[in-house]
Amino acid sequence: MQATQTIEKPLTQVKSQKDLHKELDALGAWSVAQVEALFALPLSDLMFRAQETHRAHFPDGDVELATLLSIKTGGCPEDCGYCPQAARYDTDVKANKLMDLDEVLEAAKAAKAAGSNRFCMGAAWREPKDRDIEKVAAMIKGVKALGLETCATLGMLEPNQAQALQEAGLDFYNHNLDTSEDFYRSVISTRGYQDRLDTISNVRAAGMSVCCGGIVGMGESREQRAAFLARLANLSPYPESVPINHLVPVAGTPLADQKPLDPLEFVRTIAVARITMPRARVRLSAGRQELGRAVQAMCFQAGANSIFYGEQLLTTGNPEAEQDRELLAELGLKTKQSRKTEVLV
Ligand code: SAM
Ligand code: DTB
Ligand code: SF4
């Protein structure tokens with residue numbers, strides 16, 4: 001059984017990558033070197049270990065379906081180098097104000113009717129204002145009343161805001177570490193790594209489940225991917241949901257011309273996430289459309305057991321729901337049926 005507190009030790013003063021990794025190794029169960037060693041296994045050995053872990057912890061082998069809705073799009077003051085919603089980048093995304101409650105509930109009803117398990121509301125905010133929290137709380141209550149699990153991703157949260165969302169019935173809060181601490185600095189400057197850890201800690205302290213993952217394929221090294229996964233796995237407890245996004249390079253963002261990651265390296269990343277976070281739902285997230293059926297099938301074999309479901313993510317595309325149902329049926333994968341929320345404490 002894991003302890004209930006998120007690791008609080010600040011790492012911001014640590015200078016070199018080597019020192020940072022030494023410090024991380026001292027903190028938790030997974031050292032960066034151990035995680036790198038998993039990445040370096042022959043692919044069939046890595047897949048075998050991931051399958052063993054997956055079957056031991058998810059004997060039903062079902063796949064969770066989570067539907068996303070962008071409740072407030074674009075115009076964000078942050079500078080995340082991958083993000084089409086940052087106001088400072090010239091992208092095709094048009095900024096919108098916060099959606100009305102009725103529209104959100106219509107979308108949630110449609111997600112429920114399509115068989116979704118979870119409804120995740122995303123807002124392009126650095127952090128919500130208290131009056132935003134009140135409006136989102138009403139959305140959470142309405143979505144919850146439909147019998148869906150609720151998730152929100154609204155940027156950084158203060159402890160009182162996390163508490164208010166929990167009281168409204170929020171099951172999960174999504175806030176990503178996104179990458180390793182050292183690579184992070186080359187992607188985002190307006191919000192620090194420690195800010196992210198603080199928000200995750202506030203979410204835990206308010207009694208909600210944590211959805212936390214990141215993006216691969218932004219030009220990071222394998223060692224940095226290993227450091228990112230070690231960091232997630234060493235959160236105590238590790239997140240219940242781990243979204244692994246493949247960068248979607250969007251025109252106008254600094255990462256627009258980034259070369260795609262080797263698909264087998266993406267599969268390895270999923271397998272390593274499964275082995276290091278055995279009871280987490282590992283979610284195939286952004287960029288799934290570009291992966292194709294064969295790579296997705298390998299990802300499910302590697303232990304992915306959750307997807308974003310519905311033709312739109314926040315601003316980018318996702319496979320059609322019907323196409324996903326066909327793929328899962330063809331692979332013989334059941335979808336998650338129960339309303340039971342998996343909690344790792
Ligand atoms: N504004 C909030 C925040 O950043 O915490 C919530 C929404 S933000 C869009 C949620 C996550 O989407 C990011 O942390 C990032 O991992 C992912 N994301 C955004 N743009 C992406 C892209 N182009 N490709 C892959 N993932 C992306
Ligand atoms: C997460 O890790 N991935 C989702 C969800 N959390 C909010 C968002 C993906 C966004 C991809 C880019 C877009 O559609 O704007
Ligand atoms: Fe804003 Fe979130 Fe996009 Fe960063 S990822 S620019 S915080 S919407």
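A polar contact is a pair of N or O atoms within 3.5 Å; within protein, one must be able to donate a hydrogen and the other to accept it, and residues adjacent in sequence count only if both atoms are side-chain atoms. The model is predicted: local features need pLDDT of at least 70, side-chain atom pairs count only at pLDDT 80 or more, and totals for chains, interfaces and linings use all residues. Residues are numbered from 1 along each chain as its sequence is written, chains are lettered from A and ligands numbered from 1 in the order in which they are written, and side-chain values use heavy atoms, with hydrogens and water left out.

**Exercise 1.** Find which side chains place a polar atom by an oxygen atom of ligand 2, and state how much of ligand 2 the protein buries.

Solution. 
Step 1. List the residues with a heavy atom within 4 Å of the ligand. For ligand 2 they are L68, T153, N174, N176, P243, N245, A286, F308, L313, L314, T315 and T316.
Step 2. Pick out polar contacts to ligand oxygen atoms. The side chain of N245 has a polar atom at 2.8 Å, that of T315 has an N or O atom at 2.6 Å, and that of T316 has a polar atom at 2.7 Å.
Step 3. Read the area (Shrake-Rupley method, 1.4 Å probe; for residues, only the protein chains shown count as cover). Ligand 2 alone exposes 400 Å², and 88% of that is buried by the protein.
Step 4. Sort the shell by class (nonpolar: Ala, Val, Leu, Ile, Met, Phe, Trp, Tyr, Cys and Pro; charged: Asp, Glu, Lys and Arg; polar: the others, Gly among them). Around ligand 2 there are 6 nonpolar, 6 polar and no charged residues.

**Exercise 2.** Repeat the analysis for ligand 1, naming the contacts made by A123, W125 and N176.

Solution. 
Step 1. Ligand 1 has 16 residues around it, and Y82, T153, N176, D178 and V248 come nearest.
Step 2. Nitrogen atoms of the ligand are reached by backbone atoms: an N or O atom of A123 lies 3.2 Å from a nitrogen atom of ligand 1, and a polar atom of W125 lies 3.3 Å from a nitrogen atom of ligand 1. The side chain of N176 has a polar atom 3.0 Å from an oxygen atom of ligand 1.
Step 3. On its own ligand 1 has 560 Å² of accessible area, of which the protein covers 90%.
Step 4. The shell of ligand 1 holds 8 nonpolar, 6 polar and 2 charged residues.

**Exercise 3.** Describe the shell of ligand 3.

Solution. 

**Exercise 4.** Which residues lie nearest the centre of the largest cavity, and how many line it?

Solution. 
Step 1. Define the cavity: on a 1 Å grid over the protein atoms alone, a set of points where a 1.4 Å probe fits but cannot get out, with lining residues having an atom within 4 Å of a point.
Step 2. Its lining has 41 residues, with Y82, C83, Q85, N176 and L314 nearest the centre.
Step 3. By class the lining of the largest cavity has 22 nonpolar, 12 polar and 7 charged residues.

How values were computed:
1 Å grid on protein atoms, 1.4 Å probe; cavity = no way out; pocket = protein on both sides within 12 Å on 5 of 7 lines; lining within 4 Å.
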